[in-house]
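Here is a short report on one protein chain. Look at the model first, then read on.

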Amino acid sequence: MSFSFFDLFWVFLFFSSLQPIWQRRQMEFRRVKTIQDFERNRNSRTILLIHRQESISLLGIPLSRYITIEDSEQVLRAIRLTPPNVPIDLILHTPGGLVLATEQIARALIRHPAKVTVFVPHYAMSGGTMLALASDEIVMDANAVLGPVDPQLGNFPAASILKVVEDKPISEVEDQTLIMADLSRKAIAQVQRFVRTLLKDETPKQKILPENIEKIVDALTTGQVTHDYPITVEEATELGLPITVGLPRNIYDLMELYPQPQGGRPSVQYIPMPYGDRRPRLPEPKGRPLPDPMEP
């Protein structure tokens, strides 16, 4: 029995079409195993909310991923399936998202009786920061950041819309801007009220001092900085948030299993291995060897 080149070509196409499916199955298996190992080590329920969106595009048009209603449905289900005495570990990597979805998840987290820990390996901005405020402990990489939670109306910060109305005579302000300003006041008041709910003494799990609550609310909700302003570990600690620096190695391993889709050559490349003693040495001429310049 002999095979023609045409037959071999179709066999090649068949196995090539199976390769992506096999790779996805392998990746999913590694993810599940890493999550199971992490849960066993910490005796917790681990929930991942990871939005890789920095370079996803369709026909050159950037697509953003963020916290959606579908996300809240899945996270709420995971919380419901968690026994009251089992801690929850939430791993966050997100630019934020819908206020409704974020508030649903945050309320479910503060109602969970056992300890809730949020891990931030890189960033948890906007709604991600609000979820972090719903936890008992925020564990961050030393270089990770949080972000302000001030409301945005369309493409404009609510605080900036109010500033326009304050700076211009009322006769020179368009009706649409006045309507936006009214909505901005309501949006800021709503967000501030919810953040206080997450922080005040009614949530006995929180370790935030009462005297720091208004300072945190004012810093995060009033638009003092731009919405994408990175709040560092040092600044978050100074505000009084319960920050712990230093992530378990498993967190970084999990992030490696959720790679950013590559559209071409990688922009960052390195050899993923620990470097040992790699001191430069001068070439030795014939005869007597030169002394090592790195030795005392």
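How do the residues of the lining of the largest pocket divide into nonpolar, polar and charged? There are nine nonpolar, nine polar and three charged residues. Here Ala, Val, Leu, Ile, Met, Phe, Trp, Tyr, Cys and Pro count as nonpolar, Asp, Glu, Lys and Arg as charged, and the others, Gly among them, as polar.

This is a predicted model, in which local features need pLDDT of at least 70, side-chain atom pairs count only at pLDDT 80 or more, and totals for chains, interfaces and linings use all residues. Residues are numbered from 1 along each chain as its sequence is written, and side-chain values use heavy atoms, with hydrogens and water left out.

**The pocket**

The largest pocket has a volume of about 410 Å³. A pocket is an open set of points on a 1 Å grid over the protein atoms alone, where a 1.4 Å probe fits, with protein on both sides within 12 Å along at least five of seven lines. Lining residues have an atom within 4 Å of a point. The volume is the space filled by probe spheres set on the points, which are joined across faces, edges and corners.

The lining holds 21 residues. Pro 95, Gly 96, Gly 97, Ser 126 and His 227 lie nearest the centre. Helices H3 (99-111) and H4 (127-133) each supply at least two lining residues. H3 gives the largest share, three residues.

**The sheet**

The chain has nine helices and eleven strands. These are DSSP runs numbered from the N terminus: helices are H or I, at least four residues, and strands are E, at least two. Five strands form an open sheet in the order S1-S4-S5-S7-S11, with parallel pairing. Strands pair if DSSP finds at least two bridges between them. S1 (45-50) and S11 (243-245) stand at the edges with a single partner strand each, so one side of each lacks a neighbour in the sheet.

| Strand pair | Bridges | Direction |
|---|---|---|
| S4 and S5 | four bridges | parallel |
| S7 and S11 | three bridges | parallel |

Asp 89 stands opposite Thr 117 in S5. Met 140 has Val 245 in S11 as its bridge partner.

**Burial**

Buried residues (under 20% relative accessible area, 1.4 Å probe, protein chains only) make up 39% of the 296 residues in the chain. In S5, five of five residues are buried. Val 116, Val 118 and Val 120 cover one side, and Thr 117 and Phe 119 are buried on the other.

Note on methods:
Buried < 20%, exposed > 50% of the residue type's maximum accessible area, 1.4 Å probe, protein only.
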